[in-house]
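Colleague: I am new to this structure. Please take one part and look at it closely with me, ring by ring.

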Amino acid sequence: MSTLRDEFRDWLNDNLKGEYECLRWRGMPGDDEAYPELRKIWEAKLGEAGWIGLDWPSEYGGRGASDADIIELAEEYAEHGGPGRCGHIGETLLAPTLLAYGTKEQQDKYLPGIKNGTEFWCQGYSEPGAGSDLANVKTKARLENGEWIIDGQKIWTSLALESDYIFVVARAEPGSVGNKGLVFLLVKLDQPGVDIRPIKQMSGSSEFNEVYFTEAKCAEGDIVGKVGDGWRVAMALLAFERGTSTIGQQMTFKNELNAVIKLAKQNGAANDPLIRTRIAKAYTELQIMKFGFRRTLSSDQMSGADFTSKIFWSTWHRNLGELAADVMGASAEIINEGEFSALQKLFLYSRADTIYGGTNQIQRNIIAERALGMPREPRGGQMVTKG
């Protein structure tokens, strides 16, 4: 067991209490509106203690944490009921992208706010006509007088209302199509020309938002890469998203499965042999998921099996939501005291797991083309040819 994990456990025991006790087990996907301001204060507390960006370079405050350390710390956080992280998009998606592709000026400008837990980011990828087909984005950017001017719309933008910045994929070369002519921009949300509209989800929360840009601006230097590099940078970020960025979320799966098992024992659902079989299957697959993560992180090279991670965990979690609903039985349709229970939220939110971050259909294409080397599926505007 790592010393770093011991240190983190002691810190959580000393700090996740008192005014923060109410945050335990709250703020996970589907429960994002729980205590947003207090969770931001908690994020700054994590940053002040040095628990953000542990695997970053030492010049930006990293502590040399290995991937195995990151998994252990995520496990420890989940076992303590640590609240959903407000800063995970900045820490696990944008930060590694800036470290790989950003300039020194961009790293110096944006990494400290993420490291300190005081600045929050959201992802501006999907559009009404470009969800799974990201190459079809229509949002436009043009360079005028030393500034990028942005016009367009993003949708399904998680946590936009609680964020300070958004990274935006936009089309900067007039007449370009597909993955050509794109830029990856770093944009402040609190400015004229940015309109954020929450989308009410069936779970009752509004994690997703629409974000409209009407001549919104960012500095000329807030482009990662150069014009035409947007697709390459965006794909690199998605690799982080489909890789280790969801470790924290997946570590909470064990807590959710335990809650389902506890209820099954209490209400007698565990006496149903079919329910028992599904619980055993869920437990077994959770262990496979955990071992798969360790295998992926133990190698510097991606194997074909590594491409299956997102489709595996998202399908598992969606199935867990259905198991939770069946264990609840008729009570799954009853709302007590005007709020969904944790297991009801699990069922409702997990419907989205196999859609966001690349749908299962997209994941199957990725597995077929990149892992198995099969011919590319025809994209929009392409013809299928024989031979």
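Modeller: Buried means under 20% relative accessible area. Keep that cut-off in mind. This is a predicted model.

Let us look at the aromatic rings. The structure holds 16 aromatic pairs. One of them joins Phe-8 and Trp-51. Their ring centres lie 4.6 Å apart. The planes make an angle of 50 degrees, and the pair is tilted. Phe-8 sits in helix α1, residues 3-15. Trp-51 sits in the loop between α2 (36-48) and α3 (67-79). The two are 43 residues apart, and the pair links distant parts of the chain. Phe-8 is buried, and Trp-51 is buried too.

Now take Tyr-20 and Trp-42. Their ring centres are 5.4 Å apart and their planes stand at 55 degrees, so this pair is tilted. Tyr-20 belongs to the loop between α1 and α2, while Trp-42 belongs to helix α2, so the pair ties together parts 22 residues apart in sequence. Tyr-20 and Trp-42 are both buried.

Key. Residues are numbered from 1 along each chain as its sequence is written. This is a predicted model: local features need pLDDT of at least 70, side-chain atom pairs count only at pLDDT 80 or more; totals for chains, interfaces and linings use all residues. Side-chain values use heavy atoms; hydrogens and water are left out. Rings of Phe, Tyr and Trp (its six-membered ring) pair if their centres lie within 6.5 Å; planes under 30 degrees apart count as stacked, over 60 as edge-to-face and the rest as tilted. Helices (H or I, at least four residues) and strands (E, at least two) are DSSP runs, numbered from the N terminus. Buried means under 20% relative accessible area, exposed over 50%, partly exposed in between (1.4 Å probe, protein chains only).
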